[in-house]
Amino acid sequence: MEIISQKHTSCRVCGHEELKPYLDLGKIPLANNLFKTQEEAINAPRLPLVVAWCENCGLSQLTEVVSGRQLFRNYTYRSSVNQGYIDHCHQMALDLKEKYKLNESTYHIDIAGNDGALLEIFGKVLNHYCVNVDPAKNLCEISNKKGIFSIPEFWGLNVAKILKGEADLITATNVFAHLDNVTEFLEACKIALKPDGVLVIENPYWMETMRGNQFDQVYFEHMSYWSVSPMMRLCQKVGLKLIETSYKKIHGGTCRYTIAKKGESVFLDEIYENAYWNNLSDYEDWARKVYCIKDEISQNLTTIAKDKKVCAFAASAKGNTLLNFCGIGTDLIEFICDETPEKIGKYSPGTGIPIVGLESIIQYQPDYVLILSWNFKEEIIAKLRPLIPNAKYIIPIPNWEVI
């Protein structure tokens, strides 16, 4: 299968045309394109996975953009399988209910709502009317079965005009990084919002991602890497106000951006965000640190796998970046255990590592488990300990750790 892509040479926020590449993770396959045979997976098409910095507005972004229709029309990641995310959504619902006086009359649009996980939780808290707009038809089918009205389309001006001026609340969690045309996305939100409505965006906070050595957050679905300064610049561009930001621990460090048509702009302390990441050399220094971490992971895992049984847990997109970048294949990892039905029985792209269900890890009784979704390590370890009581757990990021 050919990858439909194009070179990205100008900033998607400010249009600046001299992007500065600083992190090169090599040629990597698409993270969520799983394969039915090992041969197909090993020979998966690859593209250069390179991050560049816009010195004008501060946005980091990939130099190669893959077609959203190829990435997201049939999506294998399901939000509802992560209890940590479910817990986060519940707290988010309580927080927003109190802050914005939400109730059963609230009209709520969730953009890229996946299998309806967030709206299902919000519905229990608010008992309100909600709509899920997600391009993945397979996920919308699941969401519809939960009783959530779901539109299998990409969010944009056409959809927003249908829903125009009605939304009290629009949520968009972990989707903003997936966008090429971020300007149209916000313009569409502006059309759909009531005059006093709010848009709440959550996305991994790039400054914290770098501080935590989280290079595995980089994959082709993540076209941009957001921080407050470029988000504020984008809001100003479309005539919206960034009225609040707050930090959340989920996904290794997330920023919640609250955006409205009116209000005073409030954002994270400029010193916190800009004290270090002001020059290209700062980003290049971080990239060199990443290359050292790559060598450490590869060497440590090679040593362990010489005489120990090793498998991995979570066939995640970030895991695919780590495995391919670090050169980890079936010579070191027996299989990847996952709980997502759509992934079981497939093979991980680039490495050809088989993806299996929980029954396989119970039978195998590994000595070590490499946790690829390290951001949910507590939840994963608590789940696996009763099943494989003698196993040790490898946490590769932010620093190599064996538990």
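The buried residues of α7 pack against β6, α6 (157-162), β9, β10 and α9 (228-238). Contact here means heavy atoms within 4.5 Å. Helices (H or I, at least four residues) and strands (E, at least two) are DSSP runs, numbered from the N terminus. Buried means under 20% relative accessible area, exposed over 50%, and partly exposed in between (1.4 Å probe, protein chains only). The model is predicted: local features need pLDDT of at least 70, side-chain atom pairs count only at pLDDT 80 or more, and totals for chains, interfaces and linings use all residues. Residues are numbered from 1 along each chain as its sequence is written, and side-chain values use heavy atoms, with hydrogens and water left out.

Helix α7 spans residues 182-192. Its buried residues are Val182, Thr183, Phe185, Leu186, Ala188, Cys189 and Ala192. Helix α4 covers residues 117-126. Seven of its 10 residues are buried, so α4 is largely enclosed by the rest of the structure. These buried residues are Ala117, Leu118, Leu119, Ile121, Phe122, Val125 and Leu126. Their cover includes α3, β6, β7 (129-133) and β9 (167-173).

Most residues other than glycine have a negative phi, and most peptide bonds are trans. Asparagine 127 counts as exposed because its relative accessibility is 62%. Asparagine 174 also has a positive phi of about 55 degrees, although it is not a glycine. Asparagine 174 lies in the loop between β9 and α7. With a relative accessible area of 22%, asparagine 174 is partly exposed. A cis peptide bond joins isoleucine 397 and proline 398, with omega about 5 degrees. Proline 398 is in the loop between β18 (392-395) and β19 (401-402).

Threonine 106 is placed in the loop between α3 (83-100) and β6 (107-111). Its relative accessibility is 4%, so threonine 106 counts as buried. The side chain of threonine 106 reaches the backbone nitrogen of asparagine 103 at 2.9 Å. A polar contact is a pair of N or O atoms within 3.5 Å; within protein, one must be able to donate a hydrogen and the other to accept it, and residues adjacent in sequence count only if both atoms are side-chain atoms. Leaving aside neighbours within four places in sequence, threonine 106 is in contact with His128, Tyr129, Asp168 and Leu169.

Proline 230 belongs to helix α9. Proline 230 counts as buried, at 1% relative accessibility. Not counting residues up to four places away in sequence, proline 230 touches Val13, Cys57, Gly58 and Leu59. Its C-alpha atom is separated by 8.6 Å from that of cysteine 14, 216 residues apart along the chain.

A search of the whole structure finds zero disulfides (pairs of cysteine sulfur atoms within 2.5 Å). Cysteine 130 is in no disulfide, and the nearest cysteine sulfur, that of cysteine 89, is 12 Å away. Cysteine 130 counts as buried at 11% relative accessibility. The sulfur of cysteine 326 is 12 Å from the closest cysteine sulfur, in cysteine 292, too far for a bond. Cysteine 326 is buried, with a relative accessible area of 4%.

A cavity is a set of points where a 1.4 Å probe fits but cannot get out; a pocket is an open set with protein on both sides within 12 Å along at least five of seven lines; lining residues have an atom within 4 Å of a point. Grid points are joined across faces, edges and corners, and a volume is the space filled by probe spheres set on the points. The second largest pocket has a volume of about 360 Å³. Its lining holds 18 residues, of which Lys249, His251, Gly252, Asn375 and Glu378 lie nearest the centre. α3 and α14 (377-384) each supply at least two lining residues. The largest share, three residues, comes from α3.

The count comes to three cavities of 30 Å³ or more. About 40 Å³ of space lies in the largest cavity. β10 (193-204), α8 (206-211) and β11 (224-225) give two or more residues each to its lining.

Methods:
1 Å grid on protein atoms, 1.4 Å probe; cavity = no way out; pocket = protein on both sides within 12 Å on 5 of 7 lines; lining within 4 Å.
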